[in-house]
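I opened this notebook to record what I looked up in one structure.

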Amino acid sequence: GATNRKVATRVEWSGGDFWDGVRTELNLRVTLRPRPGLFAEISNENNIVDLAGGSFTTRLYRADVRTQFSPWMSLANNLQYDTVSGIVGWQMRYRWILRPGNDVFVVYTHNWRESLDAGFQTVDRRGVTKAVYTWRF
């Protein structure tokens, strides 16, 4: 029978040629499913790049939390930060399925940039509403 895993971890390592050098990637992911309709994942992606012109490391941190209130309504949140841009980005997406093929989406996005002297400052924020209607004939 099927198993209902509540916690899963995944570690991935890869490496190889990259432009005129070598790239090594290490990923760590922890997934939680405490109950049906609730999903949470925390992940970290690290890239170590050695090129003829220099070396650098990038890191991406991400949290993805989704819940389904019913088969017709869900809420998804994605929060991420990367060390190259110094930006924290958050997207919240609410989906309401009125009936199959007819959906309403409400999406809010907010981005902050890291500043050494002032902490995190808002770069932009926006909200969008989208309605999808399917005509059947």
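The entries below follow the order in which I looked things up.

**Entry 1: The model**

I noted that this is a predicted model, in which local features need pLDDT of at least 70 and side-chain atom pairs count only at pLDDT 80 or more, while totals for chains, interfaces and linings use all residues. Residues are numbered from 1 along each chain as its sequence is written, and side-chain values use heavy atoms, with hydrogens and water left out.

**Entry 2: The sheet**

I first looked up how the strands are arranged. Strands here are DSSP runs of E with at least two residues, numbered from the N terminus. Two strands pair if DSSP finds at least two bridges between them. I found an open sheet of 8 strands in the order 1-2-3-4-5-6-7-8, with antiparallel pairing. Strand 1 and strand 8 stand at the edges with a single partner strand each, so one side of each has no neighbour in the sheet. On average, neighbouring strands of this sheet are turned by 10° against each other, direction ignored. For that angle, axes are lines fitted to C-alpha atoms, and angles run from 0 to 180 degrees between N-to-C directions.

**Entry 3: Strand pairs and hairpins**

I then took the pairs one by one. Strand 1 (residues 7-18) and strand 2 (residues 21-35) run antiparallel and are joined by 12 bridges. I noted E25 in strand 2 as the bridge partner of S14. The two strands, strand 1 and strand 2, form a hairpin with 2 residues between them, and W19 in the turn has a positive phi of about 50°.

Strand 2 is also joined to strand 3 (residues 38-51), by 12 bridges, and these strands run antiparallel. Here V30 stands opposite I42 in strand 3. The hairpin of strand 2 and strand 3 has 2 residues between the strands, and G37 in this hairpin takes a positive phi near 90°.

Further along, I found 10 bridges between strand 5 and strand 6, which run antiparallel. The bridge partner of A76 in strand 6 is R93.

Is N27 buried or exposed? I use buried for under 20% relative accessible area, exposed for over 50% and partly exposed for what lies in between (1.4 Å probe, protein chains only). N27 lies in strand 2, and at 13% relative accessibility N27 counts as buried. Its side chain makes a polar contact with the side chain of E25 at 2.8 Å. A polar contact is a pair of N or O atoms within 3.5 Å; within protein, one must be able to donate a hydrogen and the other to accept it, and residues adjacent in sequence count only if both atoms are side-chain atoms. Not counting residues up to four places away in sequence, N27 touches R10, V11, E12, N44, E45 and N46, where contact means heavy atoms within 4.5 Å.

**Entry 4: Salt bridges**

How many salt bridges does the structure hold? I found 7, a salt bridge being a side-chain nitrogen of Lys or Arg within 4 Å of a carboxyl oxygen of Asp or Glu.

- E12 forms a salt bridge with R10, with the closest N and O atoms 2.9 Å apart. E12 is partly exposed at 29%, and R10 is partly exposed at 45%.
- R66 forms a salt bridge with D64, with the closest N and O atoms 2.8 Å apart. R66 is partly exposed at 38%, whereas D64 is buried at 7%.
- R126 and D124 meet in a salt bridge through their side chains (3.4 Å, N to O). R126 is partly exposed at 47%, and D124 is partly exposed at 25%.

Through salt bridges that share partners, R62, D64 and R66 are joined into one network.

**Entry 5: Aromatic pairs**

Rings of Phe, Tyr and Trp (its six-membered ring) pair if their centres lie within 6.5 Å; planes under 30 degrees apart count as stacked, over 60 as edge-to-face and the rest as tilted. Y81 and F120 form an edge-to-face pair, at 6.3 Å centre to centre and 85° between the planes. This pair links distant parts of the chain, with Y81 in strand 5 (residues 73-82) and F120 in strand 8 (residues 119-132), 39 residues apart. Y81 counts as buried at 19% relative accessibility, and F120 as partly exposed at 41%.

W90 and Y108 also form an edge-to-face pair, at 5.5 Å centre to centre and 70° between the planes. W90 lies in strand 6 (residues 87-99) and Y108 in strand 7 (residues 102-115), so this pair ties together parts 18 residues apart in sequence. Lastly, I noted that ring pairs link Y61, Y81 and F120 into a cluster.

Notes: Helix = DSSP H or I, 4+ residues; strand = E, 2+ residues; numbered from the N terminus.
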